[in-house]
Amino acid sequence: MSSTLLPLSGLGSVRATSPRTGRNVGDIARTYTQISRAVKEAGLLDRTRGFYAALAVGLTVALVALGAAFVLLGDSWFQLLVAAGLGIVFTQFAFLAHEASHRQILSSGPSNDRLGRFLATFVVGISYAWWMTKHSRHHANPNRRGKDPDIAWDTISFVEEDAKRQRGLLAFITRRQGFLFFPLLTLEGINLHFQGLRLLLGKEKVDGRFLELGFIALRMALYLTAVFWLLPFGMAVAFLGVQLAVFGVYMGASFAPNHKGMPIIPKDAKLDFFSKQVLTSRNIRGGWWMSALMGGLNHQVEHHLFPNMPRPHLRRARKLVLEHCTAVGVPYTETSLVRSYAIVVRYLNRVGLAARDPFDCPLVNRFRRV
């Protein structure tokens, strides 16, 4: 592995590591087998059904309570608080669907898929098949140009080449994309629903297409009927807007700190699995409350190394992974949630400068930045 392929500047709080005697970077791939064995022997890959059962019950109770509050409040602008609560609870259910997709909850793959598909489509309202396709590609090649869909060309540009391609309104947004990132997340909830439906209604072969369409249609019918039946039209629209905005911001704010602003891997670079996953991932400091807030995504390094590890075991695995990184000299990145957001904003703004007006005077822009 050549360090020139992965510029490590701008990582934020990176734990200093240095090889121990007798170890070098060439040992990384071989010793990954050792840490995998240690993780398995410690029982960190064992299912934690009790935890997930309790979490599912708690979220279901919260959903029922919000439904009861919705009915009891009636024609009241306090309904917007219920809408915000639904945005939070739907995000928590999305975390569960994400964990099911990684086989973290139940023993068998088909059982996890059935659970994940039900949670994603009927409870949250997004396509499980779309999520699985996109997220599996991300895990295989995090932050790799041309292969990770999470950094593909879109409204937000994650590499300078894509920023330069933006035109018109998108170029205007891109030049300020760091500052606009969180406001734009208010639209992410709509985008997540739309992207899933686009796949399900397209010509591409999709496993479980009609089951997912049936679940989403039933959810939409029940949800929209309840909202527009019990609330005045304007209040109903505001209710849906708040719910989708909170859902989008919560989802985006939970996934964004994990990789944004970390090294971008060239398309054809060759990296071992361990280095590829660790160098492109960032952990967020915090105890059990941070894991609850982010659905375990705060332990992103461990999650990428062991995707099927249940959420309660990620914190224990962190110690093993950190020791391994120290032994082989691979930087282990961990910072606070607020610091991670600052890194993301700064990184996106830096990339966005590539979309500046080509007729701008470089000399003037240089002095502006100074």
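Student: Which residues does G352 touch, not counting residues up to four places away in sequence?

Tutor: This is a predicted model, numbered from 1 along each chain as its sequence is written; local features need pLDDT of at least 70, side-chain atom pairs count only at pLDDT 80 or more, and totals for chains, interfaces and linings use all residues. Side-chain values use heavy atoms, with hydrogens and water left out. Contact means heavy atoms within 4.5 Å. Setting aside residues up to four places away in sequence, G352 touches T174, R175 and Q177.

Student: How many Å apart in space are G352 and R176, C-alpha to C-alpha?

Tutor: G352 sits in helix α16 (residues 337-352); helices are DSSP runs of H or I, at least four residues, numbered from the N terminus. In sequence, G352 and R176 are 176 residues apart. In space, their C-alpha atoms are separated by 6.5 Å.

Student: Is G352 buried or exposed?

Tutor: Buried means under 20% relative accessible area, exposed over 50%, and partly exposed in between, with a 1.4 Å probe and protein chains only. The relative accessibility of G352 is 0%, so G352 counts as buried.

Student: How many Å does helix α4 reach from its first C-alpha to its last?

Tutor: Helix α4 (residues 109-124) has 16 residues.

Student: What covers the buried residues of α4?

Tutor: The buried residues of α4 include N112, D113, G116, L119, A120 and V123. An α-helix has 3.6 residues a turn, so residues three or four places apart point the same way. The cover over the buried residues of α4 includes α3 (79-101), α5 (128-140), α9 (188-200), α10 (209-230) and α11 (233-255).

Student: Which residue just after α4 takes a positive phi?

Tutor: Look at the position directly following the helix. The phi there is about 95 degrees, and the residue is G125.

Student: Which residues touch the most other members of the largest nonpolar core?

Tutor: A nonpolar core is a set of buried Ala, Val, Leu, Ile, Met, Phe, Trp, Tyr and Cys residues joined through side-chain atoms within 4.5 Å. The largest one has 47 residues. Those touching the most other members are F93, L96, V227 and F239.

Student: Which element gives the largest share of this core?

Tutor: Two or more residues each come from α2 (49-73), α3, α4, α5, α9, α10, α11 and α13 (288-294). The largest share is eleven residues, and it comes from α3.

Student: Which helices hold E99 and R311?

Tutor: A salt bridge is a side-chain nitrogen of Lys or Arg within 4 Å of a carboxyl oxygen of Asp or Glu, and the whole structure has eight. E99 and R311 form one, with the closest N and O atoms 2.6 Å apart. The pair ties together parts 212 residues apart in sequence, because E99 lies in α3 and R311 in α15 (residues 311-328).

Student: What is the relative accessible area of D113?

Tutor: D113 meets R103 in a salt bridge, 2.7 Å from N to O. R103 lies in the loop between α3 and α4 and D113 in helix α4, so this pair ties together parts ten residues apart in sequence. R103 counts as partly exposed, at 28% relative accessibility. D113 is buried, at 19%.

Student: Which residues lie nearest the centre of the largest pocket?

Tutor: On a 1 Å grid over the protein atoms alone, a pocket is an open set of points with protein on both sides within 12 Å along at least five of seven lines; a cavity is a set where a 1.4 Å probe fits but cannot get out; lining residues have an atom within 4 Å of a point. The largest pocket holds about 1,300 Å³, volume being the space filled by probe spheres set on points joined across faces, edges and corners. Its lining has 43 residues. Nearest the centre are K134, P149, D154, E188 and N191.

Student: Which element gives the most to the lining of the largest cavity?

Tutor: The structure holds two cavities of 30 Å³ or more, and the largest contains about 80 Å³ of space. Its lining includes A94, H98, A120, W131 and F255. The most, four residues, comes from α3.

Conventions: Expected span 1.5 Å × (residues − 1).
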